[in-house]
Amino acid sequence: MTREYRGGEGIGSGAGGAGDAGGAVGWSVVEAAVPELARWVRERFGAYRHHVLATVRKDGAPRLTGLEADFRHGELWLGMMNGSRKVADLRRDPRFSLHANPGPGTDLAGGDVRVSGRAVEVTDPGQIARYAAAVRPPEPFHLFRAELTEVVRASTEPPYVVVETWVPGRAARIIRRTSNDPAQQGE
């Protein structure tokens with residue numbers, strides 16, 4: 001049986017102000033709006049160094065590439081090698097999804113997480129220098145700040161698969177379902 005729970009209040013878009021559902025927000029807004037979900041997401045991304053970034057290629061097809069993601073100073077940062085195709089993709093179309101490395105095996109300890117949104121290229125020399133001093137990436141590099149439009153965690157609580165989602169401006173949503181449930185309709 002599918003069970004659904006909606007809880008918490010969404011926090012708006014932009015620089016932490018109120019906004020419509022579907023706006024994009026920085027990581028600190030996610031932490032304030034849904035702290036438990038944000039904690040799970042950070043832990044899953046922190047478990048491994050490399051993750052999978054999905055961008056939109058020039059021809060509209062998806063491109064999947066490896067990426068190191070970093071939570072720092074209330075933001076989710078995406079650092080990329082100078083001149084990489086993913087940089088060109090994001091400059092042309094800033095939409096992305098980032099899936100945390102699930103690790104070995106099939107147990108999904110801690111859940112399976114992804115975030116989606118828009119990548120904003122950071123060009124301020126001071127911000128770039130602060131990031132480089134802390135992270136020490138190979139230089140030169142490109143730096144993007146994630147503005148999130150969706151945060152998702154899938155986990156198991158036998159006999160259920162539990163899917164937690166949050167989008168700015170909306171309450172968190174939790175769906176519990178089994179393989180015996182009728183197929184989900186919609187998105």
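How do the residues of the lining of the second largest pocket divide into nonpolar, polar and charged? Hold that thought for a moment while I cover the ground rules.

This is a predicted model, so to speak of local features we need pLDDT of at least 70, side-chain atom pairs count only at pLDDT 80 or more, and totals for chains, interfaces and linings use all residues. Residues are numbered from 1 along each chain as its sequence is written, and side-chain values use heavy atoms, with hydrogens and water left out.

Now the answer. The lining splits into twelve nonpolar, six polar and six charged residues. Here Ala, Val, Leu, Ile, Met, Phe, Trp, Tyr, Cys and Pro count as nonpolar, Asp, Glu, Lys and Arg as charged, and the others, Gly among them, as polar. A pocket is an open set of points on a 1 Å grid over the protein atoms alone, where a 1.4 Å probe fits, with protein on both sides within 12 Å along at least five of seven lines; lining residues have an atom within 4 Å of a point. This pocket holds about 480 Å³ of space, taken as the space filled by probe spheres set on the points. Of its 24 lining residues, Arg49, Glu68, Gly79, Pro137 and Pro138 lie nearest the centre. Helix 2 (35–47), strand 2 (50–56), strand 3, strand 4 and helix 4 (125–135) each give two or more residues. Strand 3 gives the most, six.

Next, the fold. There are four helices and nine strands. Those are DSSP runs, helices H or I of at least four residues and strands E of at least two, numbered from the N terminus. The order is β-α-α-β-β-β-α-β-β-α-β-β-β.

How confident is the predictor? Mean pLDDT, a per-residue confidence from 0 to 100, is 85 for the chain, and 83% of residues reach 70 or more. Contact means heavy atoms within 4.5 Å.

On to the inside. Of the 187 residues, 38% are buried, meaning under 20% relative accessible area with a 1.4 Å probe, protein chains only. The largest nonpolar core has 31 residues, and Leu76, Leu78, Phe96 and Leu98 touch the most other members. Such a core is a set of buried Ala, Val, Leu, Ile, Met, Phe, Trp, Tyr and Cys residues joined through side-chain atoms within 4.5 Å. A second, separate core of six residues includes Trp77, Ala132, Phe141 and Leu143.

Where is Asp89 found? Asp89 sits in helix 3. It is buried, because its relative accessible area is 1%. Leaving out residues up to four places away, Asp89 touches Thr55, Val56, Arg57, Lys58 and Arg63. Then there is Arg153, in strand 7 (141–157). Arg153 counts as buried because its relative accessibility is 8%. Beyond four places in sequence, its contacts include Trp40, Asp112 and Glu164.

Last, Gly26, in the loop between strand 1 and helix 1. Gly26 counts as buried because its relative accessibility is 12%. Its C-alpha atom is 4.9 Å from that of Glu147, 121 residues apart along the chain.

Key. pLDDT is the predictor's confidence in each residue, from 0 to 100. Buried means under 20% relative accessible area, exposed over 50%, partly exposed in between (1.4 Å probe, protein chains only).
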